[in-house]
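Visitor: I'm new to this one and would like to walk through it piece by piece. Could you show it to me before I start asking?

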Amino acid sequence: MSTSILSLKSVTMRFGGVTALNDVTFDVKEKEILGLIGPNGAGKTTVFNVITGVYHITSGSIDLQGKSISGMKRYKITKGGIARTFQNIRLWGDMTALENVMTATDTHKRSGLVGGLFGSPVSRREEKRDKKRAQELLDFIGIGEYADRLARNLPYGVQRRLEIARALGTEPKLILLDEPAAGFNPAEKVELAKVIRKIRDAGYTILLIEHDMSLVMKVSDRVVVLDFGQKIADNTPQKVQDDPRVIEAYLGVPEDAS
Amino acid sequence: MINLRDKGAAIWENQGRFGRIGIALGAMTVAAALPFMGGTILNTPIADYESVLVYPIAMFVLMAIGLNIVIGKSGLLDLGYVAFFAIGAYTMGLLGTRTGLNTWEILPIGIAMAMFSGIILGVPALKLRGDYLAIITLGFGEIVRIVALNLGTLGRSEGIINIPTPPGIFGIEYRFDSHRIYYWTLLMLILLAIWMVRRLSVRRAGRAWESIRQDEDAAELLGVPTFKYKVWAFVLGASVGGAAGVFYASKTLFIAPDNFTLQISILILACVVFGGMGNIWGVILGAVILGYLPDRIRFISDARLLVFGLVLVIMMNLRPDGLLPRKKREKVLPNKEKP
């Protein structure tokens, strides 16, 4: 829990007249699980989108290990070490689970189209290595047995986990999980919490958006709370839960309170 | 409806190495023997059967394989594919009549020209998606034809005449009426194109295209340099179209803008969709049928195109994914089956 891997400094994101993020500043520290919570429309997914380059921020800066990544091409940001999952599952349905992960591992391949066409030794070696790596990742997430199934035919829970395996395939330093537990039953949530910890223990840093409070509070080392595009808290799970501003954001204040 | 694709795939997968080589050799032999079937039921009334085999059938197959890289593999709707065919043909026409270069020397130049124009078109156009890309490519196809129609060097509406036939190689002579020889040469080009596509499909490029086709944004966010691979798809598709064009010009000896209308683009697109987008065998089958059918039913003369259109409509209703659709089935090893 020392150096920060990603830092957002006064990030502001406006869409026309709407300010989705207003002067948001926070760090993600190496090998931590940072929970990002907030009521609906608070700007959580927007944070993911500005980090991964889907949107270009209006002002402020985003640094990955000291180097600015704002304005970079999306696939280059991924190559630089940030991968994500999607709130609504976006797997490549007509590919097998293994191929889904292998497409992600291609990120760091040296050989490209020409090498593949003529079967250059580099291409062949990388192909073999990545196939093994992809299977390892599927096993790591606990869905190794589904490797040869088409992604579209997989059960919902497996699809969610495949999204995580695919993101890990890009060999990220930081992985962004966007509501990985959406639609899970309590038993599956417990299982997921284990997987998330396991990923962190393997040396990855995790930024987690999640609506299920018990899950976030259980796995996170630290929690950042957003409300209406502004950061209102940044603390340990315990302290965040007791923070009056957080309670206010989620529950509102009774009219006669003040 | 029976699933031909899965049946075929099952047979293929259950074969050992020798079985597969046997099937491949058998299929090649059948394809190579087609010119000798002129006396059978396959014969086309009115049009010369052997020349039908060369154009449209073999030519359509080659172009459909090329267009399939763009549309079937990467999901980029290209409505101006004929442009690359035209560029290949005009390269042959121009260089063949004005320089001492022969067809074999012009072939790589024609391919390079088509690839280059693929880049010229692709770099600005591929920043757009879907309908917009379709409109731009449609325009490009027309632009090339209209340029040929207006440029004096390219012979305007008279086109280019007296394009030389390929010089003989390995003791094989190319006379303008030796259709079989052209057909077999095209078969070689088709094999080469199949090899290229299959090679690319199983590796990084194939996965990149597949991911772009299914969800381009997700692909980009998971590290796929989407723009680069889209341009590559365009350029490779163009190279096949260019090769077909060079050969076409060298076969017909005469080309004019009328040979390169929008109709060709649409027909090749129909071959790809009818056969089964993304599945190279389906695309080949589609191109063979759509190339052959209009000449086979030529005896009903006026109603010919009506019947052709009707067959298309009925088939696409029965099999919306084409004759041999892309992979949908999955291998599940028995011991991995969940109880």
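Visitor: Where in chain B is Arg203(B) found?

Guide: Arg203(B) sits in the loop between α7 and α8 (204–214) of chain B, where helices (H or I, at least four residues) and strands (E, at least two) are DSSP runs numbered from the N terminus. Before we go on, please note that this is a predicted model, in which local features need pLDDT of at least 70 and side-chain atom pairs count only at pLDDT 80 or more, while totals for chains, interfaces and linings use all residues. Residues are numbered from 1 along each chain as its sequence is written, chains are lettered from A and ligands numbered from 1 in the order in which they are written, and side-chain values use heavy atoms, with hydrogens and water left out.

Visitor: Is Arg203(B) buried or exposed?

Guide: Arg203(B) is buried, because its relative accessible area is 14%; buried means under 20%, exposed over 50%, and partly exposed in between, with a 1.4 Å probe and protein chains only.

Visitor: And which residues is Arg203(B) in contact with?

Guide: Leaving aside neighbours within four places in sequence, Arg203(B) is in contact (heavy atoms within 4.5 Å) with Gly116(A), Gly119(A), Ser123(A), Arg124(A) and Glu127(A).

Visitor: Staying in chain B, what about Thr185(B), buried or exposed?

Guide: Thr185(B), which lies in helix α7 (residues 179–201) of chain B, counts as buried because its relative accessibility is 14%. A polar atom of its side chain lies 2.7 Å from the backbone oxygen of Ile181(B). Apart from neighbours within four places in sequence, Thr185(B) is in contact with Trp104(B), Tyr174(B) and Phe247(B).

Visitor: Which helices supply the nonpolar patch?

Guide: In chain B, α2 (17–33) and α7 each supply at least two residues of the patch, and the largest share, four residues, comes from α2(B). The patch is on the surface and is formed by Phe18(B), Ile21(B), Leu25(B), Met28(B), Met188(B) and Leu191(B), with about 630 Å² of accessible area together. Patches are made of residues with over 30% relative accessible area and no salt bridge, with like charges joined within 9 Å and nonpolar side chains (Val, Leu, Ile, Met, Phe, Trp, Tyr) within 5 Å. A salt bridge is a side-chain nitrogen of Lys or Arg within 4 Å of a carboxyl oxygen of Asp or Glu.

Visitor: What does Met28(B) look like there?

Guide: Met28(B), placed in helix α2 of chain B, is partly exposed, with a relative accessible area of 35%.

Visitor: Switching to chain A, in what order do the four strands of the open sheet come?

Guide: The order is β2-β1-β4-β5 (chain A), with antiparallel pairing; two strands pair if DSSP finds at least two bridges between them. At the edges stand β2 (18–29) and β5 (67–68) of chain A, each with a single partner strand, so one side of each has no neighbour in the sheet. Further in, β1 (residues 4–15) and β4 (residues 59–64) of chain A pair in the antiparallel sense over five bridges, and Leu8(A) stands opposite Ile62(A) in β4(A).

Visitor: How many residues of β8 in chain A are buried?

Guide: Strand β8 (residues 205–209) of chain A is mostly covered, with five of its five residues buried. Thr205(A), Leu207(A) and Ile209(A) point one way from β8(A), while Ile206(A) and Leu208(A) point the other way.

Visitor: Which residue is the bridge partner of Leu177(A) in β8(A)?

Guide: That partner is Leu208(A), and β7 (residues 174–178) of chain A runs parallel to β8(A), joined by five bridges. Strand β3 (residues 33–37) of chain A is also parallel to β8(A), through four bridges, and Gly35(A) stands opposite Leu208(A).

Key
Polar contact = N/O pair within 3.5 Å; in protein donor to acceptor, adjacent residues only side chain to side chain. Areas by Shrake-Rupley, 256 points an atom, 1.4 Å probe, with all protein chains shown as cover.
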